[in-house]
Amino acid sequence: MKNYIYLAIIGFLFISCGGDDSEPENTAPTVPALVTPADSKLCVDNTVSFQWNLSTDTEKDVITYQIQVAKDNTFSQIVKATEATANNTSIALEKNTAYYWRVKATDSKGLASAYSATFKLYTTGEAVVNHLPFSPELVQPAIDSLLNKTTASLKWNATDADATDVLSYDVYFGKTNPPTAKVSANTSAISFDTTVEPTTEYFWRVVVKDNKGGETVGQIWKFKTN
């Protein structure tokens, strides 16, 4: 019995004095904040200097940055993807083209932040009088969201590198993908309310037009009703 008690005490001492040798949990760097070019910037040089604020890392790990530049705001048409250890880089792009860019930070242990907000820019071209509007940005309803109403309020935003251009919108809406029914034409509003049926999936898109003949077709968005 005494031997058992001695062994139990010794075991307890080993447990108490052993300490915790486990590594602290690694955390991802903070999300970079984009600086330049400013959102919706018209760049006169097609070699563009990109800059963002430095991320921080709780464990002081070395951070690298991944920058993506695409021709669409969903980044399905990426034209440049590169890495940088500093918070800036320069990239040569085509002239007279709309681009979208974002950055994320990754630490030396492979843990990455989320991507930054997406900024857009337009590279000017020689003797270009008009620049096409940027792709429309979804406000509501969120993609694949589930609505419990009989009326859907469709909302979006759109901008143009030519600040004086007047924008108008065509809205396509329906149950097929892509939607072919134009439910609103040449409207200046950035919203449209429509009646919907229950337990149905809907698709919609917006075409942005400026007052100089420029036109940009937006991506297809979708939602369901309960």
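Predicted model: local features only at pLDDT ≥ 70, side-chain atom pairs only at ≥ 80, totals over all residues.
What does the side chain of Asp-39 meet? It meets the side chain of Lys-120 in a salt bridge, 3.4 Å from N to O. Asp-39 sits in the loop between strand 1 (34-36) and strand 2 (41-43), and Lys-120 sits in strand 8 (residues 119-123), so the pair ties together parts that are 81 residues apart in sequence. Lys-120 is buried, at a relative accessible area of 4%. The cut-off for buried is under 20%.

Asp-39, Lys-120 and Glu-137 are linked in a network of salt bridges. Hold on to Glu-137; we come back to it.

How many salt bridges are there? The count comes to 9. Here are two others.

One is Lys-71 with Glu-94. Their side chains meet at 3.2 Å, N to O. Lys-71 lies in the loop between strand 4 (63-70) and strand 5 (78-84), while Glu-94 lies in the loop between strand 6 (88-92) and strand 7 (97-107), so this pair ties together parts that are 23 residues apart in sequence. Both ends are loop residues. Lys-71 is partly exposed at 31% relative accessible area. Glu-94 is partly exposed at 45%.

The other is Asp-170 with Lys-182. The closest N and O atoms are 3.6 Å apart. Asp-170 is in strand 12 (residues 167-174) and Lys-182 is in strand 13 (residues 182-187), so the parts tied together are 12 residues apart in sequence. Asp-170 counts as buried, at 5% relative accessibility. Lys-182 counts as partly exposed, at 45%. Why pair at all? Side chains of opposite charge can pair when their charged atoms come close.

Look at one pairing in detail. Strand 9 and strand 11 (residues 151-157) run antiparallel, joined by 3 bridges. Glu-137 has Asn-157 as its bridge partner in strand 11. And Glu-137 belongs to the salt-bridge network with Asp-39 and Lys-120.

Next along the chain is Ala-158. It is placed in the loop between strand 11 and strand 12. Buried or exposed? Ala-158 is buried, with a relative accessible area of 18%. The C-alpha atoms of Ala-158 and Leu-138 are separated by 9.1 Å, and the two residues are 20 apart along the chain. Leaving aside residues up to four places away in sequence, Ala-158 touches Pro-136, Leu-167, Tyr-169 and Val-208.

The largest nonpolar core has 18 residues. Which of them touch the most other members? Phe-50, Trp-52, Ile-67, Val-69, Leu-93, Trp-101 and Leu-121. Strand 3 (47-52), strand 4, strand 7 and strand 8 each supply at least two residues of this core. Take Phe-50. Beyond residues up to four places away in sequence, its contacts include Ile-67, Val-69, Leu-93, Trp-101 and Leu-121. Phe-50 also touches Thr-36 and Pro-37, among others.

A second, separate core has 17 residues, including Trp-156, Ala-158, Leu-167 and Tyr-169. Two of those names, Leu-167 and Tyr-169, are contacts of Ala-158.

Last stop, strand 17 (residues 221-225). Which residues make up its covered face? Trp-221, Phe-223 and Thr-225. The uncovered face has Lys-222 and Lys-224. In a regular strand the side chains alternate between the two faces of the sheet.

Strand 17 has pairings of both senses. With strand 10 (residues 145-147) the pairing is parallel, over 3 bridges. There, Leu-146 has Lys-224 as its bridge partner. With strand 15 (residues 201-210) the pairing is antiparallel, over 4 bridges. There, Tyr-202 has Phe-223 as its bridge partner.

Conventions: Residues numbered from 1 in each chain as written. Heavy atoms only, no water. Salt bridge = Lys/Arg side-chain N within 4 Å of Asp/Glu carboxyl O. Buried < 20%, exposed > 50% of the residue type's maximum accessible area, 1.4 Å probe, protein only. Pairing = 2+ DSSP bridges. Contact = heavy atoms within 4.5 Å. Core = buried A, V, L, I, M, F, W, Y, C linked by side-chain atoms within 4.5 Å.
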